[in-house]
Amino acid sequence: MISTTIDQEIKQAMLAKDAAKLRGLRAIKAALLLAKTEKGHAEEIDADAEIKILQRLVKQRKESATIYKEQGREDLFAVEQEEIDVISQFLPKQLDQAEIEIVISKIISETGATSIKEMGKIMGLANKELAGKADGKLIGEIVKAKLASL
């Protein structure tokens, strides 16, 4: 479970006086604790739920970083980027665009999809297979492009 690893990493970051890493780790710990208490009982959340929480944290920080970059706030952009780097360490390795295209092509050929009208079905299968390994926005763009070229 990520929770126990996070606690150990927090201790190491405190000893090393690594403020950026500590900030990111504390954000993860807070999000995981919040998710546990939202369910109404303090039972452990499963690994899939932890990955979704971490992906949401990265997505939020990317959105904030983009806004800060547009507004010329390099100081705040750097903080968000540091946290993205720390949180990303606990996510599964992200596939590159070529690997995602291979998986999506396989799904399209298996389902026999022939038009953009079947995008919803393909997206559902792609999101299920690529969960935690690829950004949903990128998956959507690739599926749309592949179906449009059929």
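**Talking through a predicted model**

Mentor: Let's start with lysine 17, which lies in the loop between α1 (2–16) and α2. Keep in mind that this is a predicted model.

Trainee: How do you know whether lysine 17 is buried or exposed?

Mentor: Exposed means over 50% relative accessible area. Lysine 17 has 74%, so it is called exposed.

Trainee: What makes the phi of lysine 17 worth a look?

Mentor: Most residues other than glycine have a negative phi. Lysine 17 is not a glycine, yet its phi is positive, at about 55 degrees.

Trainee: Now the helices. How do α2 and α4 pack?

Mentor: Helix α2 (residues 19–38) and helix α4 (residues 74–88) pack at an angle of about 65 degrees, and their axes are 8 Å apart. The crossing of α2 past α4 is right-handed.

Trainee: Which residues make that contact?

Mentor: From α2 come Ala20, Lys21, Arg23, Gly24, Leu25 and Ile28, while α4 brings Val79, Glu82, Glu83, Val86 and Ile87. They divide into six nonpolar, one polar and four charged.

Trainee: Where is glutamate 118 found?

Mentor: Its place is the loop between α5 (97–111) and α6 (119–129). The C-alpha atoms of glutamate 118 and lysine 144 are separated by 9.8 Å, and these residues are 26 residues apart along the chain.

Technical notes:
Residues are numbered from 1 along each chain as its sequence is written. This is a predicted model: local features need pLDDT of at least 70, side-chain atom pairs count only at pLDDT 80 or more; totals for chains, interfaces and linings use all residues. Side-chain values use heavy atoms; hydrogens and water are left out. Axes are lines fitted to C-alpha atoms, for helices over the stretch in contact, and angles run from 0 to 180 degrees between N-to-C directions. Helices (H or I, at least four residues) and strands (E, at least two) are DSSP runs, numbered from the N terminus. A crossing is left-handed if the near helix is turned anticlockwise from the far one by less than a right angle, and right-handed if clockwise. Contact means heavy atoms within 4.5 Å. Ala, Val, Leu, Ile, Met, Phe, Trp, Tyr, Cys and Pro count as nonpolar, Asp, Glu, Lys and Arg as charged, and the others, Gly among them, as polar. Buried means under 20% relative accessible area, exposed over 50%, partly exposed in between (1.4 Å probe, protein chains only).
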